[in-house]
Amino acid sequence: MRFLPANLDTLLVELQDLDETLALFAALQAEPIAGVEEIVPAARTLLIQYRPCAIERQALIDDIARRDLSQRSARESRRVEIPVHYNGEDLDEVASLLGISREEVVRRHTSTDYEVAFCGFAPGFGYLTGGANFQVPRRQTPRTRIPAGAVALAGNFSGIYPKASPGGWQIIGVTPLQMWDLGRDEPALLRPGYKVRFQDAGPLPAGGLPTHEQPTNGGIRTDAYLEILSPGLQTVLQDLGRAGHTDQGVSMSGALDRGALRAANRVVGNDSACACLEVVLGGLSFVCHGRTIIAVSGAQTPITVITASGLQWQPGNYQPIELDDGDRVSLGAPQAGLRSYLAIRGGFQVTPVLGSLSYDSLAQVGPTPLKAGDRLGVETINVGSSVSMSEGPAFELPTAKDVITLDVVMGPRSDWFTQAAIERLSNQLWRVTPQSNRVGIRLEGEVPLERCNHDELPSEGTSLGAIQVPANGQPVLFLADHPLTGGYPVIAAVAPHHLDLAGQIPINAQIRFNPIEAFAELQADVLLSTADAKEIP
């Protein structure tokens, strides 16, 4: 058992194999550790996120090190049958790699049960083990789009893509079943521990697979609402995210500048965790129907209010703005920062998805991004709440001309990189490219980071702030909508106290990474029991 730092509040535990990983996961579920927030199991690791104020890192490591890995607790034994049309474009290549016929691939794939070992990558994506025990390498060049329902193989796993997405697994067929459906009581068809039996469904029907309707945000139920004239580049609802759904492959998501979201809510008298509109680079405009109070925080954004009678005024950020019926509000391009947060007194009247109003852009979970013509209802409040008049930015907002320093914790896979790459991470400036979004900040440096270990890394959990390095050596800084698991090594992670700042860095700005902890494997300090101590001469 190895313990590797993944951040100041995150630990990666590496084990010998999947059996040990599942045994430790089961042990931690049977006897939870106070202060542990999330656990993400993967092929041979557990990513453990915890509250340092509730448990110290060394105490956490020592507790985990004492756990018995010889027993596996009984897991959910539900059995799911999945019909498959075995027409995958990689079926012949898979047969060739295995040295058998395509008919034999199908026969073996359908002859025995698989088990869902863990979920990750995307909501509803289960990593299936056992079954035919095929060993198939990933494709050398990943596809940019694999269709929803694709049944695929990689390594010793089988899996089913819940939605269309990029991927490097070998496709052998497709299923008409919906792996992820928010209309079900349990959105994920597969959960860890479930048994899966594939069935040959014959040729694909002439009309193709059925299409599935996507849920909408629902209609308004009150007279007070915002009529969206323009959503700008992108405007989405965000709160503090949805915890506790990693077993379905669902990550936390949530606001990228959590401090700004809380501040905007305090200004209008809401609970600080209430959902706000997260606006990228301004451009949002709307008409207010009814009377309300709003506030805008985050990026330094000019605000214009035009009343129904034609009067115009420009209120400031981080202050309450009273709106009357017919007032039109517009947010201009930020002078500094990237994301603005608009709170409204009482909160927005939108149905939560898995307990949260956050939109996860990678998983496409949550209320959909706003579009022109939307009517966003406002909740009414019967009791007045106090407002805060002393809010302001928690840090100096960056511009595209700035060099922003971010503190980082080295690990968990720093030892997969050359010493020159370790030094280059902090010595070289990294430019934020236009391909950046809520999933991650894509960076570009003059010299890429080189690895000294070129093995294929089994999928393992990734944390908010992780700096993952793909094959091209140009790092990606994971933000709130990052995948739960990934197959590229993480060289370091942005410290929690700089994550809000990272969410405000605009395109073309440059980042300098400042390591605050050198990489070192962590050691358990497990004391001998009294009985053991007596045996020592």
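Me: Is Glu-115 buried or exposed?

Reply: This is a predicted model, in which local features need pLDDT of at least 70, side-chain atom pairs count only at pLDDT 80 or more, and totals for chains, interfaces and linings use all residues. Residues are numbered from 1 along each chain as its sequence is written, and side-chain values use heavy atoms, with hydrogens and water left out. Glu-115 is buried, because its relative accessible area is 17% (buried means under 20%, exposed over 50%, partly exposed in between, with a 1.4 Å probe and protein chains only).

Me: Where does Glu-115 lie, and which side chain does a polar contact join to that of Glu-115?

Reply: Glu-115 belongs to strand β6, residues 114–119 (strands, E, have at least two residues and helices, H or I, at least four; both are DSSP runs numbered from the N terminus). Its side chain has a polar contact of 3.3 Å with that of Lys-195. A polar contact is a pair of N or O atoms within 3.5 Å; within protein, one must be able to donate a hydrogen and the other to accept it, and residues adjacent in sequence count only if both atoms are side-chain atoms.

Me: How should I read salt bridges, and how many does a search of the whole structure find?

Reply: Side chains of opposite charge can pair when their charged atoms come close. The search finds 30 salt bridges (a side-chain nitrogen of Lys or Arg within 4 Å of a carboxyl oxygen of Asp or Glu). One of them joins Arg-78 to Glu-186, with the closest N and O atoms 3.9 Å apart. This pair links distant parts of the chain, 108 residues apart: Arg-78 is in the loop between α2 and β5, and Glu-186 in the loop between β12 and β13. Arg-78 is partly exposed at 41% relative accessible area, and Glu-186 is also partly exposed, at 32%.

Me: With which residue does Asp-324 form a salt bridge?

Reply: The partner of Asp-324 is Arg-291, the closest N and O atoms being 2.9 Å apart. Asp-324 is partly exposed at 36%, whereas Arg-291 is exposed at 58%.

Me: Which residues are linked in a network of salt bridges?

Reply: The network consists of Arg-2, Glu-14, Arg-413, Asp-415, Glu-460 and Glu-521.

Me: How are two packed helices described, and at what angle do α3 and α4 pack?

Reply: Two packed helices are described by the angle between their axes and the distance between the axes. Helix α3 (residues 91–98) packs against helix α4 (residues 102–111) at about 85 degrees, with the axes 8 Å apart. Therefore α3 is roughly perpendicular to α4 (65 to 115 degrees; under 35 is roughly parallel, over 145 roughly antiparallel and the rest oblique). Axes are lines fitted to C-alpha atoms, for helices over the stretch in contact, and angles run from 0 to 180 degrees between N-to-C directions.

Me: Which residues of α3 and α4 meet?

Reply: Leu-91, Asp-92, Val-94, Ala-95 and Leu-98 of α3 meet Arg-102, Val-105 and Val-106 of α4 (contact means heavy atoms within 4.5 Å).

Me: Where is Gln-248 found?

Reply: Gln-248 is in the loop between β15 and α5, and is buried at 5% relative accessible area. Leaving aside neighbours within four places in sequence, its contacts include Cys-119, Trp-180 and Glu-186.
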